[in-house]
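Welcome, and please open your viewer. This tour goes stop by stop, telling you what to select and what you will find there.

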Amino acid sequence: MVSSHFVRRGALALYREARLNHWSYLFVLPALAILGAFLLYPALYAFRMSFYDWQVLGQSEFVGMENYRRFFEMPNVRLAVQNTVYYTALNVPGTLFAALFVALLLNAEIRARAWFRVLFYLPVISSDVAVSLLWKWIYWAGARGLLNNLIGVFGLPPQDWLGDPKLAMPAIVLLTIWKGMGGNVLIFLAGLQSIPPELYEAATMDGAGLWARFRHVTWPLLRPVTLIVLLLLTISSLQVFTPVFVMTGGGPANHTLTIAFYIYNLAFGSGLYGFAAAVSYLLFAAILGITVIQRRYFGDVIY
Amino acid sequence: MSQKSVPFYRRRQFVDAGGKLAVYALLIVGALLSFFPFAWMVSTAFKTPEQVFALPIHWLPDPVTWGNFAAAWRRFDFARFFLNTLFISSMTTVLSVTICSMAGYAFARRRFWGRELIFNVLLATLTIPGAVLMTPLFLVILKLGWINRFIGIIVPFCVSVTNIFLMRQYISTIPVELEEAARIDGASDFAIWRRIILPLSQPAMATVAIFSFVGAWDGFLWPLIVLKDKEMWTLNVALGLLQTEYIAAEGSPWGVMMAGSVLVVLPLIGVFLTLQRYFMSGLMLGAVKG
């Protein structure tokens with residue numbers, strides 16, 4: 001009797017579990033449907049498009065590798081790649097070290113830490129368009145611009161910040177460092193607070209100064225966090241769009257034309273959807289490649 | 001957090017008193033740099049056109065004028081753009097919190113065939129850059145007939161893998177016993193989610209809600225692509241597109257454009273300052289566990 005009771009309970013449990021299974025799918029179904037239709041499917045669709053001379057209306061024509069071959073021939077592509085690399089090379093270390101520095105300051109035992117965090121975070125939640133417009137106004141050329149007035153105090157002549165081919169990209173980078181720093185400060189701060197204080201005590205007893213403590217305790221222990229910040233910053237930098245759209249429109253003379261802006265122009269300016277898809281896929285490949293390299297370089301170190 | 005657990009007499013100062021003064025000085029300079037551009041935005045928004053371009057620079061508007069806000073709100077139809085943006089952001093937030101919480105619950109607590117595989121595929125999609133999606137997603141939306149409609153903005157971006165992950169992480173910390181007790185009492189699966197999981201995961205839901213709202217409110221590229229007619233525009237699309245028009249047509253009305261920018265930025269800063277504690281703890285949750 002006892003054993004059959006257990007058998008029955010076991011069967012019931014199995015039955016219940018099987019029933020639960022189906023309900024589980026209902027719980028994930030909305031999320032999967034939306035991600036499938038608007039994330040996975042378009043990503044795969046783009047891959048197919050990249051081999052076609054894609055027309056929105058009318059017949060699309062299969063062109064094989066033509067779009068990829070064209071990539072290396074279009075005159076502006078080279079510029080767009082160069083500019084994007086330049087932007088990334090300035091923006092990633094700029095934001096990373098600024099954020100790390102501020103996080104180190106905030107990690108000292110200070111009052112009003114919460115208030116400082118909030119202040120540094122304000123640019124992060126502000127819309128890209130609004131702050132790009134604001135900085136476009138700050139960069140206003142001629143004697144009436146705010147930045148020109150400020151540098152005028154030091155006797156420097158007014159600059160055409162966004163109109164000068166040499167200055168336009170660094171000017172955009174300054175905006176994006178200002179805008180992007182706060183979020184990374186929080187990531188670094190979380191990392192810093194998870195370092196056991198005992199390590200600093202031990203280092204201090206061994207006579208380590210401020211720099212030595214940073215160099216031999218903070219920096220190595222922060223490495224995983226630094227990697228996350230580095231990856232996130234690189235991925236977003238390679239896709240920079242809005243500041244370029246609002247502040248320079250890619251100018252002067254294409255000196256701030258970035259890949260994302262170029263893709264946008266290809267698809268929605270020239271209607272070259274297939275070519276735009278091919279360029280997107282090359283960007284995707286570049287991002288994946290850089291991610292893998294950074295991960296390998298930073299991830300393999302054991303400490 | 002970890003510093004709190006260390007008794008005060010064991011805490012080592014990283015810097016001495018003089019160093020501390022330097023830390024404060026640097027932080028105050030940094031905070032001012034962070035804040036100063038916003039002050040300039042607000043100051044410009046309250047200036048008359050003559051003051052905007054006056055030399056030497058007028059740091060503060062005198063007299064203060066509301067004219068720019070009136071012009072932005074009525075003449076340039078920002079009232080409508082504001083409502084459009086509010087509608088899109090609210091709908092996105094409601095959908096996002098509901099769907100991500102359901103999925104997060106399933107991934108945290110329920111066993112079903114293919115769970116790990118599905119979850120790993122979702123995590124892998126995080127590597128897909130937005131720039132790759134721009135072109136094909138436009139064609140998908142076009143096929144669905146969603147061009148120029150709010151649904152084309154709301155539905156494609158109301159689910160994010162990051163938010164599902166965040167919900168999952170939080171829900172796994174809720175004691176299983178509560179769920180089991182409810183099940184013994186005969187609660188249905190939906191009721192368990194609705195009556196146990198939802199109330200207990202409020203901090204994570206608040207975080208997801210804020211992320212979704214901010215993301216939708218600040219979005220630019222996608223609304224720019226989908227919303228063609230002016231009466232459908234969001235605040236950001238209006239600001240981004242009208243600025244070139246205005247600069248050409250009206251001799252750089254920076255007062256009006258800064259007033260428009262204030263209308264975009266200020267509501268979010270208000271929400272942020274109110275819900276700041278949720279926001280920060282949520283960010284820390286993501287930062288530590290992500």
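Before the first pair of helices, a word on geometry: axes are lines fitted to C-alpha atoms, for helices over the stretch in contact, and angles run from 0 to 180 degrees between N-to-C directions. Helices (H or I, at least four residues) and strands (E, at least two) are DSSP runs, numbered from the N terminus.

This is a predicted model, in which local features need pLDDT of at least 70 and side-chain atom pairs count only at pLDDT 80 or more, while totals for chains, interfaces and linings use all residues. Residues are numbered from 1 along each chain as its sequence is written, chains are lettered from A and ligands numbered from 1 in the order in which they are written, and side-chain values use heavy atoms, with hydrogens and water left out.

**Stop 1: the two chains**

Color by chain. Chain A has 13 helices and two strands, while chain B has 15 helices and zero strands. Buried here means under 20% relative accessible area, with exposed over 50% and partly exposed in between (1.4 Å probe, protein chains only). Of the 303 residues in chain A, 50% are buried; of the 290 in chain B, 54% are.

Contact means heavy atoms within 4.5 Å. Taking contacts between residues at least 6 apart in sequence, 66% of those in chain A join residues at least 24 apart. For chain B, again among contacts between residues at least 6 apart in sequence, 69% join residues at least 24 apart.

**Stop 2: where the chains meet**

Now show the interface. Chain A brings 94 residues to the contact and chain B brings 107. Together the chains bury about 9,200 Å², 75% of it on carbon and sulfur atoms. Buried area is the accessible area (1.4 Å probe) that two parts lose on being put together, summed over both. Select Phe27(A), Glu109(A) and Trp137(A): they supply 10% of the area that chain A buries against chain B, more than any other three residues.

Next, pick Ile34(A), in helix α1 (residues 2-49) of chain A. Which residues does Ile34(A) contact, leaving aside its neighbours within four places in sequence? They are Leu39(A), Ile99(B), Val155(B), Pro156(B), Cys158(B) and Val159(B). Ile34(A) counts as buried because its relative accessibility is 12%.

**Stop 3: a helix pair across the chains**

Select helix α5 (residues 128-138) of chain A and helix α14 (residues 254-274) of chain B. Their axes come within 9 Å and cross at roughly 150 degrees. The two helices are therefore roughly antiparallel to each other; angles under 35 degrees count as roughly parallel, over 145 as roughly antiparallel, 65 to 115 as roughly perpendicular and the rest as oblique.

The crossing of α5(A) and α14(B) is left-handed. A crossing is left-handed if the near helix is turned anticlockwise from the far one by less than a right angle, and right-handed if clockwise. Among the residues in contact are Leu133(A) and Trp137(A) from α5(A), and Met257(B) and Val264(B) from α14(B).

**Stop 4: inside chain A**

Move to helix α8 (residues 197-205) and helix α9 (residues 210-221) of chain A, which pack at an angle of about 160 degrees with their axes 10 Å apart. That makes α8(A) roughly antiparallel to α9(A). Their crossing is right-handed. On α8(A), the contact residues include Leu199(A) and Tyr200(A); on α9(A), they include Arg213(A) and Val217(A).

Then select helix α12 (residues 259-269) of chain A. Eight of its eleven residues are buried, so α12(A) is largely enclosed by the rest of the structure. Among the buried ones are Ile259(A), Phe261(A) and Tyr264(A). Just after α12(A), look for Gly271(A), which takes a positive phi of about 70 degrees.

**Stop 5: inside chain B**

Show helix α4 (residues 78-109) and helix α11 (residues 202-218) of chain B, whose axes come within 8 Å and cross at roughly 145 degrees. This crossing is right-handed. Phe82(B) and Ser89(B) are among the α4(B) residues that meet α11(B), whose side of the contact includes Met205(B) and Trp217(B).

Finish at Leu166(B), in helix α8 (residues 161-171) of chain B. Leu166(B) counts as buried because its relative accessibility is 7%.
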